[in-house]
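Please read the following briefing alongside the sequence and the coordinates.

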Amino acid sequence: MKKLLSVLLLFLVAACVKNDLIDYSSYYFSNDIFETQGGVVLDASLVEINLDKSGKYVISLEDEFTSKVVTKEQFTGNKGANVLYVFTKIVPKGSYYLTLIDKNGNQVQKTKISI
Amino acid sequence: MKKLLFLLLFPIFAFSQSITISVDYAGLIVEPVENEITPVTDLEIGDEFYIDITMDNSDNSERKATYADIWFTFKNDAFEYLGVINPLDGTNNWYTYQWPSIYQFNNSSTATVDDLYGQYYTDHTWSSVGDENSDHAPMQIRTQTAGPELTGTVARLKFKYKQVQNGFDFSESVFLRKASVRDNTTGYLFTDVKAFPNQTFDNAPASTTVTAQFKVLFPSTLDATLFSAGIYTPDSDNTWVQPTGAIYENLSSTGTLNVTQGFNITDDFAVITNWDGYVVDAENGDYTIPFSEQYDEIVTISDVVLAFNELANRGINMDETGNEFNYGIQYMNADVNGDGSFDDQDTYLMLAHVLDSDNSSLLGANPAMVMASKFYSKADWDAITISNYSQYPNGTTLMSFLDNKVANTQQFSFESAITWKGDVNLSHSTAPPAAVNTSAIAKSASLGVLASPQAARFAINPDLITISSGLVTELKDGKVYATVTLDPGTQEIAGLQYKLSYDNTKLTFDSINFETVNTSTNFGSNKQNYVKFGSFIKSGDEVLSESTKYTLIFTPKVQLTNTLGLIVISNTDAANKKGQQLNLEIK
């Protein structure tokens, strides 16, 4: 009986854990985003990035017409395929360059996307 | 032979007798000058006038028109029917009837529109379409005499022009539809009854053809579509209300609004322009930007630096003015407490607003646009100078009064300048006319800088000196860090301000760390979906150098693995020690 109670309590606790995972199932760029030109990226899209080596990288969104950076993130990437989220809810609608830069400041990849 | 010819032609003669019926303007019911008919083109809304129904018989030697049943329609939205006069003065039988305005006349499929006989006796119909769908009210006049012919004016109708919306379609206001005309003596029915020369009455009072457009001269730093406006007029209680038919809607992207509906050249009018802030976002859902957020971009640190400099740079005897300001409107905007003079109390209030100290705001407790906006006619705006600005009203308002009482004008175009309490550098104001402050220009030239640097506005002067900042976000130890750094180049930076927006559905703002010089006054405040922060050095030799760094810390509300797009810099502002506004780019 105690065992059953413990199992039930476990389920109860599990049910009460905050489940705020974002539903990212809608948008997924299964191929390397930098191999695609002009893709439309919606909020909480998943993009795939292939890296030649692991390390620190910076990825940024730069307005195509004003050349202003609106957002930039530093992340640690692994060699091979990496999946990143792109959040666009507060990014003004427009056309942007998505740019990947390595830790030495060298541009690794660049593509154009629409938000 | 002659007899044969006559017999051949007789049918033509016999059937060539025609009746014409016409609708003709016949003057005002009460003419201002006796025996003079006011021209129809002079008629105006409210005028009472005659429309005559006239008949003519081309040959009454054998057959006379002694009976007529004439149907016409009139636009009862434009006309008030006041009655009809029988010109035959009781020597005939007389009948008139006005039908309700719910019918629509459908022309015969075989007769032409001006063939009144054909319309009468073939397949015309009346459809009951309801008052809303019927522009016309049908009316019938039936008259007959025992002897005298019905000729000339057979009915004199009395109408009054109603108040209608500008642009009302007055064409075919009166329209002859069908008629049956007989010779009662012989029983002959006239088969050639035409509407001629005037089947319709189409006059449009000149005032109803007036068009009026209003335009706010927005600078490029404001989005005109986030503002809405409408035309207003005072009612009998002196309360400003919208006239009938007037629109209230968002301004176009160029700041224009059609104010034709409800406009005239006799009443007082003003256009009220207010903040709307509604943004359509099909992807993420529509939302409204509060005015306070817009105002945070209007009054910024560069306004404060410029205002401080104007007060500080007053010459050896501290009695000079205009060493930093170039325009009279700058003094007006700098007088934020509205006491009629620009002084230290004003700069203190401006600084408190930018710093958000104790939730201090120039908007007061009511963060509405009316607390900050000012409108001036383009003529006044261009006339305001440093020497005469005190003669102009400086209170905040939403109203632009229209100079509309101009006769003989059909197309009105009103332009209004917009400016703001606290917008000392005119960054979000209508571009002022060319600077006339020669001392400031000379000083600028001697310094080797822009000709009118202090009022350098994005809209006025796209050639601002540019400096840069860096922004990078990172997810680290379960927190999101946004680091903002400064690259001042050769500039001596006295003021910096950033608006950093964040996705508040996924992040909660925790804190901000400042790494600046000791004499810097740093400020930062969370506004639910953005953080306003920056630094200001009021005096001394120190400046904000390349070591300046701001670190903002957020806690994720959801499980994150990276942060791209969750934090963006949406607005920046900077000023150097000279009070020049700088273009601060994010790299």
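## Briefing on the predicted model

Eight of the ten residues of strand β2 (residues 48–57) of chain B are buried, so β2(B) is largely enclosed by the rest of the structure. Buried here means under 20% relative accessible area, exposed means over 50%, and partly exposed lies in between, with a 1.4 Å probe and protein chains only. Helices (H or I, at least four residues) and strands (E, at least two) are DSSP runs numbered from the N terminus. This is a predicted model, in which local features need pLDDT of at least 70 and side-chain atom pairs count only at pLDDT 80 or more, whereas totals for chains, interfaces and linings use all residues. Residues are numbered from 1 along each chain as its sequence is written, chains are lettered from A and ligands numbered from 1 in the order in which they are written, and side-chain values use heavy atoms, with hydrogens and water left out.

**The five-stranded sheet of chain B**

- Five strands of chain B form an open sheet with mixed pairing, in the order β4-β9-β2-β1-β12, where two strands pair if DSSP finds at least two bridges between them.
- The edge strands of this sheet are β4 (79–85) and β12 (193–195) of chain B, each of which pairs on one side only.
- From one strand to the next the twist averages 30°, with axes being lines fitted to C-alpha atoms (for helices over the stretch in contact) and angles running from 0 to 180 degrees between N-to-C directions.
- β2(B) pairs with β1(B) in the antiparallel sense over eight bridges, and V23(B) stands opposite I53(B) in β2(B).
- β2(B) is also joined by eight bridges to strand β9 (residues 152–161) of chain B, again running antiparallel, and I51(B) stands opposite L157(B) in β9(B).
- Strand β1 (residues 19–28) of chain B pairs with β12(B) in the parallel sense over three bridges, and the bridge partner of I19(B) in β12(B) is V193(B).

**The four-stranded sheet of chain B**

- An open sheet of four strands in chain B has the order β18-β14-β24-β22, and its pairing is mixed.
- Its edge strands are β18 (256–258) and β22 (373–377) of chain B, each pairing on one side only.
- On average, neighbouring strands of this sheet are turned by 25° against each other, direction ignored.
- β22(B) and strand β24 (residues 411–420) of chain B pair in the antiparallel sense over five bridges, with S377(B) opposite S416(B) in β24(B).

**Helix α6 of chain B**

- The twelve residues of helix α6 (residues 344–355) of chain B should span 16 Å at 1.5 Å a residue, and the end C-alpha atoms are 16 Å apart, which agrees; the expected span is 1.5 Å times one less than the number of residues.
- Buried residues of α6(B) include D346(B), T347(B), M350(B), L351(B) and L355(B).
- Among the elements that cover the buried residues of α6(B) are α3 (291–298), α4 (301–312), α5 (328–334) and β27 (493–502) of chain B, a contact being heavy atoms within 4.5 Å.
- At the start of α6(B), a side-chain oxygen of D343(B) reaches to within 3.1 Å of the backbone nitrogen of Q345(B).
- After α6(B) comes D356(B), whose phi is positive, near 60°.

**Two buried residues of chain B**

- N203(B) is found in the loop between β13 (200–201) and β14 (211–217) of chain B, and at 13% relative accessibility N203(B) counts as buried.
- The side chain of N203(B) reaches the backbone oxygen of V40(B) at 3.2 Å; a polar contact is a pair of N or O atoms within 3.5 Å, and within protein one must be able to donate a hydrogen and the other to accept it, while residues adjacent in sequence count only if both atoms are side-chain atoms.
- Not counting residues up to four places away in sequence, N203(B) touches V40(B), T41(B), L43(B), Y161(B) and F170(B).
- I467(B) is found in strand β25 (residues 466–476) of chain B and is buried, with a relative accessible area of 4%.
- I467(B) and L486(B) are 19 residues apart in sequence and 8.3 Å apart in space, C-alpha to C-alpha.

**Chain A**

- Chain A has one helix and eight strands, and along the sequence its pattern reads α-β-β-β-β-β-β-β-β.
- Of the 115 residues in chain A, buried residues make up 40%.
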